Amino acid sequence: MASDSVVWKCGSCDECFYDLQILASHKCIGNDGTVLNESCIKQLEVQSYDCTDLSNSNDQVQDIGSLNIIDGPDITELPYTSTPFHKPTIISIKKNSEFKRHQKGKRSIVWTYFTALDEKKAMCCICQKVISYCGTPTNLVYHLSRYHPIEGDVVKSKQANNIKYQYLSNKLPKPCASEKKKTRTQTISLLPQVTLENSSSLTIVTKKPNVTEKIVEMLLVDMLPVSILEGNGFKSLINSLESSYKMPTVKEFFIDHIPKKYYVEFKKVQSLLKDSEKVHTSIELWTGYNDQNFLTVSSHFVTSDFQYKHYALSTVPVHDKNPEHLMTSIVTCISNWNLSMDVLCIVIDGSDTMEKTAQLTGWTVEKCFAHTLDDIIKVSLSSPELNALFAKCRNIIKFLRSNESAKQLLLEAQMHDKNLKMQHAQNQSFDINAALDIKYPLKVKKDHPNEWISTFYMLQRIATLKEVLIKLLSNFSSSVEMLTQTDWTAIDETISLLKAFEAVTLELCSEPYQFGSKVIPVALGLDALINNCNTLSLSFIEKVRKDILFSLRKRLGKIEHDLMLSMATILDPRFKNIAFQSEVAVEAAITQLTTEASKQVSNDSMMDHSLDKDSRDITTCTDSLWEGFERKATPKKAPSKTEEVISSEIKNYLEESLLDRKKNPFMWWKTQGQAQFPILAKLARKFLCIPATSIPPERVFLKKGRIFSEKRRLIKPKYIDQFVFLNMNID
């Protein structure tokens, strides 16, 4: 192209510009968000003209802020090409050298995003807004930070690095003579010179964290209402920690700081989704502010380096729970992220409404394992006999918590009971809902009616304090109903039944999300535990056990034959085919895996064929002459060759020893499996990341879920999308 002094012409609208950056952001290109690169230049047929050819033009622009378009002189030939050109439409600028002078000396990184119009005005190349500046680019940096936060962060970090380099360069030893020749002439530092002889020991002062960013992070992580910022106690706390800090107003948090955080995280999630092979989505329908319904869509995928990721994508209000309306909302959310062709399955909570909605989408549907277990337990524990037992236990706990005399006697009795104290020290009881470790002496626990796990811990604590409670309650027989021997037996047998479900809960809640590959072995193990618990003496507890076993086999009895979950289980190096009880299910899963692998190989070969076709398009006519002959002469590959390779790879993979159950399966595929089994590795990226639950399991079973839901209900609908997105995605 021409030298520094050129006029750029847009081939789309024939408008000419002095600066390429202005051309890249003008009306033909800037509105649709595209970027002017080499292909765009070629597509728009941008032509450059040497500014020295404009000297014959007599028309001048009086005001640089309002550029005039005029006709220039005839140009029949350019210095770098012999092709004749018609008379172009150009921009004549008063004193080109004066305009160029505004471009000189702009060495700050901020001028990457701005073009100087004169000594007091510059135009943003991103949004085309004209900004006033006076000597220093402070206003320009503020504009980037306010309206283009990503670019603003780049500018600030570059400026900080430049200042740090200038400061430290004065403290480093001077280079030798040979090195001076290789290095550029050092610029004069504006900071004072410090020599090693007269300088004191260098004290490194750590940079204080951005207080505003930390406040925003606190609001989002803990899902706190923004009204907390207006409290006098919070203001006093901030003032004691950082007296010089001026806290933004609530309005500034909503229109500036939270949207900026959302924009940064949005771009991060968007870039990671582009690196995914396939995506699985989970759907949550929940009730929020003023009993308004909302729908949250989340994504689960594996990156190219086998990193499992899960992000909330969108949260939208639901005004009608009709399945057709819900289906439209789900499809719209997924389409807005350009994931319609990448979704393999959706995971729902299992309700009738969501099941009908998921079937309308046309994608493969998986039911939430946590919600299924929770429903089974709640239905099975609703027998009249158990409800009467639970009510009696709750009355005893209410009495012990309200009567100060009984509460004090309970603590004193435990201190004198050496056997109980020794038993507690040896067998430390565990409560997944407890925020702190359980200390001695013990207190009675109150349950929540909608959380069966809290009822389990209530019964477990009562059984632990059995001997102490029998002696203590005999002194208050007129105030509270005593537990009979049948009641104590029912408590022990109910605990033995629920112990298996507690183990499953602990397994599921050990991670934010569990993989679908764990559903089959956990379901089969739970069935075995409940089936073996057959030494119950009370008839109504035995009936509860049979009801649980019947519900498990009705809702999870065919879980092995779920192709999506069975393929995920086989691709998990911790389980493979060992986790199955049915050989038929294993054969069906392997057959489906072979089919999916064949499709994968076929897609890869089609991509390679497309690349070969592109390379053959530039062959000579002589090569094309013999193309038909060469195609017939080349022997065809046996069609079964691919299936043999796939079958051999699957066989060798299944013969490998199992991975330790507590290790990460994706790390194994990244470090070992990808090299040994390349075809299966691609399938592992697709199927192994299927979530076992539609939401984090702790929000189904534990007290944390109830607290989270109560906090989420306080967020107003117009802010809920950004709050939920950042709460679930922020690191």
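Predicted model: local features only at pLDDT ≥ 70, side-chain atom pairs only at ≥ 80, totals over all residues.
Begin by selecting Phe369, Leu373, Leu400, Ile462, Ile491, Ile530 and Trp669, which are the residues with the most contacts inside the largest nonpolar core, a set of 103 residues. In soluble globular proteins, nonpolar side chains tend to be buried together.

Now centre the view on Ile491 and leave aside its neighbours within four places in sequence; you will find Ile491 in contact with Leu389, Cys393, Leu459, Ile462, Ala463 and Leu483.

Move on to helix α15, residues 404-416, and select Gln414 within it. Is Gln414 buried or exposed? Its relative accessibility is 0%, and because buried means under 20%, Gln414 counts as buried. If you show its side chain, you can find a polar atom of Gln414 that lies 2.6 Å from the backbone oxygen of Leu442.

Finish with helix α27, residues 665-676, and helix α28, residues 678-687, which pack with their axes 7 Å apart and at an angle of about 150 degrees. This angle is over 145 degrees, and therefore α27 is roughly antiparallel to α28. To see the contact itself, select Phe666, Trp669, Gly673, Gln674, Ala675 and Gln676 of α27 together with Pro678, Leu680, Ala681 and Ala684 of α28. Coloured by class, this contact shows 7 nonpolar and 3 polar residues, with no charged residues.

Note on methods: Residues numbered from 1 in each chain as written. Heavy atoms only, no water. Core = buried A, V, L, I, M, F, W, Y, C linked by side-chain atoms within 4.5 Å. Buried < 20%, exposed > 50% of the residue type's maximum accessible area, 1.4 Å probe, protein only. Contact = heavy atoms within 4.5 Å. Helix = DSSP H or I, 4+ residues; strand = E, 2+ residues; numbered from the N terminus. Polar contact = N/O pair within 3.5 Å; in protein donor to acceptor, adjacent residues only side chain to side chain. Axes fitted to C-alpha atoms, helices over the stretch in contact; angles between N-to-C directions. Parallel < 35°, antiparallel > 145°, perpendicular 65-115°, else oblique. Nonpolar A, V, L, I, M, F, W, Y, C, P; charged D, E, K, R; others polar.
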